[in-house]
Amino acid sequence: MKRRGFIKKSSLLGVSVGIPSSFALEINEPKVKLKKFPLVIATWDVKNATKKAWDLLESGSSSLDAVEQGCMIEEADVNNQSVGKGGLPDRDGNVTLDACIMNSNGDCGSVVYLKNITHAISVARKIMEETPHVMLAGVGAEKFAYSLGYKKEKLLTDKSRLDWLDWKKKSEYKPIINIENHDTIGMLAIDKNGDISGGCTTSGLAYKMSGRVGDSPIIGSGLFIDNEVGGAVATGLGEEVVKTVGSFLVVELMRNGYSPQKACEEAIRRIVSKKNSNYKDFQVGYIAINKIGESGSYSIHDGFSMTKYENNLNKTFKSNFYSD
Ligand code: SD4
C-alpha cells in the first residue's frame, strides 16, 4: 500500500501509526487549511532569487525548476561572497562550492568541493537526473560538468581575493557568528500541483581548511524534502548541522505533528542543549515548510532572516532566535 494511502486509512480507522491524528487529518483534509500555492521561501534576504522562483511557479513550472533557477541568481551574484562566483575561498585561496537539490519524488543530487563552475546547483541537478549516483566530488564533478558543456570559469573575484589576503595577515581560523544578510542560499518551493522541492548552494565557510565540506551538500543535513510532509534547509556552521542531521530532523518532527516553526525551534534546541555546546560562538538557522504551505524559521542568534514569496508578496522576515 502506498504511504499516503496508509496514512489516510490509518487516520480514518483511528489506528495509531506514530503520526498524531491531528496532523494526519491536516494532510487529508486540505480544503480546511490549504493555503494558496505556489509558495517559495529561502534563507536570508534574497528577494531577487525568490522572485525568479515565484515567476516560474506562477507560470506553472515545477518546484524543481523554481528552486534551481532561484538559487542560480545568488550563485551568479558576485556581491554575495558565500555562494557561487565571488564566494570567499578556502585558506589556500581556492573557491570550492557545495550544493544539493531534492525533488518531490525524493530523488536527490549533490556536488561537493566543485571548483571553476559557478552553477553548482545545476550540476547537482544533472547528477540527480543523468547519473546513477547521488553525489560527485572534486575533479570528477568538474569533469562531469565539462562533459555537459560547462565552461571553466574563474570564481575568485578581486574583492574576495583581497579579503582573503587581508585575512591571511592574521591567519586565525575561527568560526564567526554569521549575521550578515547575504549568505548560503537554501530554498524550498511548493508548485501549483502542491509538490515540494528544495535546493541549497554555498561556497562554504570562508577560509575553511582545504578539503573541508559542510552540511550544504549532505542530504538530510543541509536539506531534506519529503513530499508527504514538507521540507527544511539549514544555514550557518555546517559541522553543527551535520552532527544533528538537522534538516531531516526538522522534517521528521513535522511528520510527527510539529508545525514548521516548532520543528525549527526543536532542531536548534538539540544543538544548543548538547553537553559542552559552545553555541555562543556560532550561528545555525533553519527554515521549513509543510505540505499545507505553513512555514517557519529559527536560529541560534539574532540576525537570521527568511524571505517568503506568496500571494504575490515578496517579503523578508526577521527570524526568531534562541539567544543573544
Ligand atoms: C557550511 N552551512 O558550509 C554552510 C555555510 C553557511 O551561512 O551556511 N553559512 O557550513
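Tutor: One term to begin with: buried means under 20% relative accessible area. Note also that this is a predicted model.

Student: Fine. Which residues of E9 are buried on one side, and which on the other?

Tutor: On one side they are Val 284, Tyr 286, Ala 288 and Asn 290, and on the other Gly 285, Ile 287 and Ile 289, so both faces of E9 are covered by the definition of buried.

Student: What does E9 pair with over 7 bridges?

Tutor: That is strand E8, residues 230-236, in the antiparallel sense.

Student: How many residues sit between E9 and E10 in the hairpin?

Tutor: The hairpin has 4 residues between the two strands, and Gly 293 in the turn has a positive phi of about 85 degrees.

Student: Changing topic. Is Ile 225 buried or exposed?

Tutor: Ile 225 is buried, at a relative accessible area of 2%. Ile 225 belongs to strand E7, residues 223-226.

Student: What does Ile 225 touch, leaving out residues up to four places away in sequence?

Tutor: Its contacts are Met 102, Asn 103, Leu 188, Ile 196, Ser 197, Gly 198, Gly 230 and Gly 231.

Student: Where is Asn 105 relative to Ile 225?

Tutor: Their C-alpha atoms are 9.0 Å apart, although the two residues are 120 residues apart along the chain.

Terms used:
Residues numbered from 1 in each chain as written. Predicted model: local features only at pLDDT ≥ 70, side-chain atom pairs only at ≥ 80, totals over all residues. Heavy atoms only, no water. Buried < 20%, exposed > 50% of the residue type's maximum accessible area, 1.4 Å probe, protein only. Contact = heavy atoms within 4.5 Å. Pairing = 2+ DSSP bridges.
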